[in-house]
Amino acid sequence: MLIAGVVNTINAVVTNGIHATGEIAKLSIGAGTIYLLTLPATYILFSQGLSAQYCYIVMLVAHIITLIHNCIVFKHLVAEFNIVYFLFQSLLRCFGAAIPALIVLIFATRHINSDLLSLIVSSVIFLTLYSLIAFYVALDNGQRQKIKEFIHIRRR
C-alpha cells in the first residue's frame with residue numbers, strides 16, 4: 001500500500017499537468033479503463049484461490065500502468081516533458097527517503113513481541129524518520145524554505 005501510495009502521489013503531479021492543458025478526455029478514458037480492469041483481474045485471481053494480498057498487487061500494477069499511460073499522454077501534450085527524467089527523479093526522491101527509514105524500522109522493531117506495541121513504535125519511528133529524511137532528500141531548497149516559513153508563522 002505504501003508503494004502504491006508513492007506511485008499515486010507521483011501520478012498526481014502528471015495528472016495535474018494534464019488537467020492544466022485542458023485535455024482530460026484521454027486521461028479519464030485511459031485511467032478509467034485501467035482501473036475498471038482491476039475488478040475482473042482481481043476476480044480471476046480470487047477464483048483461482050489466491051489470497052487477499054493479490055488485490056493489493058493488482059491495484060499496484062494498475063497504479064503503475066496508469067502512471068505510465070498518463071506520462072505518455074502528458075508527453076504528447078507537452079513535448080518538453082521528459083518521462084524518464086521525471087520518473088527517475090520522482091522515484092529516487094520518494095524511495096531515497098523511505099528505504100533508510102524502513103531499514104531503521106526493521107532493526108528497531110525486531111525484538112518487540114506485542115503486536116500493538118510494535119504497531120505504535122513502528123508508526124512513530126517510520127513517520128518521524130521518513131519526515132526528517134524526506135525533508136532533506138525529497139525537497140529542494142525552495143520547498144524546505146516554504147515549510148520553515150509556514151512553521152514559523154504557525155508558532156506566532
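**Exercise 1. The interface between the domains**

Determine how much area domain 1 and domain 2 bury between them in this predicted model, and which atoms account for it.

*Solution.* Step 1: Domain 1 covers residues 1-81, and domain 2 covers residues 82-155. Step 2: The contact, taken as heavy atoms within 4.5 Å, involves 11 residues from domain 1 and eight residues from domain 2. Step 3: The two domains bury about 900 Å² between them, and 91% of this area lies on carbon and sulfur atoms. Step 4: On the side of domain 1, the residues that lose the most area to domain 2 are V6, I10 and F81, which together make up 52% of what that side buries.

**Exercise 2. Polar and charged links**

State how many salt bridges and how many polar contacts join domain 1 and domain 2.

*Solution.* Step 1: The count of salt bridges between the two domains is zero. Step 2: One residue pair is in polar contact across the interface, with both residues at pLDDT 80 or more. Step 3: On the side of domain 1 that touches domain 2, α1 (2-21) and α4 (53-77) each supply at least two residues. Step 4: Helix α1 gives the most to that side, with five residues. Step 5: By residue class, the side of domain 1 that touches domain 2 holds nine nonpolar, no polar and two charged residues.

**Exercise 3. The annotated transmembrane regions**

Locate the transmembrane regions recorded in UniProt, then describe the spans 27-45 and 84-107.

*Solution.* Step 1: The unreviewed UniProt entry places the feature "transmembrane region" at residues 27-45, 51-72, 84-107 and 119-139. Step 2: Residues 27-45 are 95% helix and 0% strand, with the end C-alpha atoms 27 Å apart. Step 3: Residues 84-107 are 100% helix and 0% strand, and their end C-alpha atoms lie 34 Å apart.

Technical notes
Residues numbered from 1 in each chain as written. Predicted model: local features only at pLDDT ≥ 70, side-chain atom pairs only at ≥ 80, totals over all residues. Heavy atoms only, no water. UniProt positions renumbered as here; feature names shortened; annotations may be inferred. Helix = DSSP H or I, 4+ residues; strand = E, 2+ residues; numbered from the N terminus. Domains from an automatic or database assignment. Buried area = accessible area lost by both parts, 1.4 Å probe. Salt bridge = Lys/Arg side-chain N within 4 Å of Asp/Glu carboxyl O. Polar contact = N/O pair within 3.5 Å; in protein donor to acceptor, adjacent residues only side chain to side chain. Nonpolar A, V, L, I, M, F, W, Y, C, P; charged D, E, K, R; others polar.
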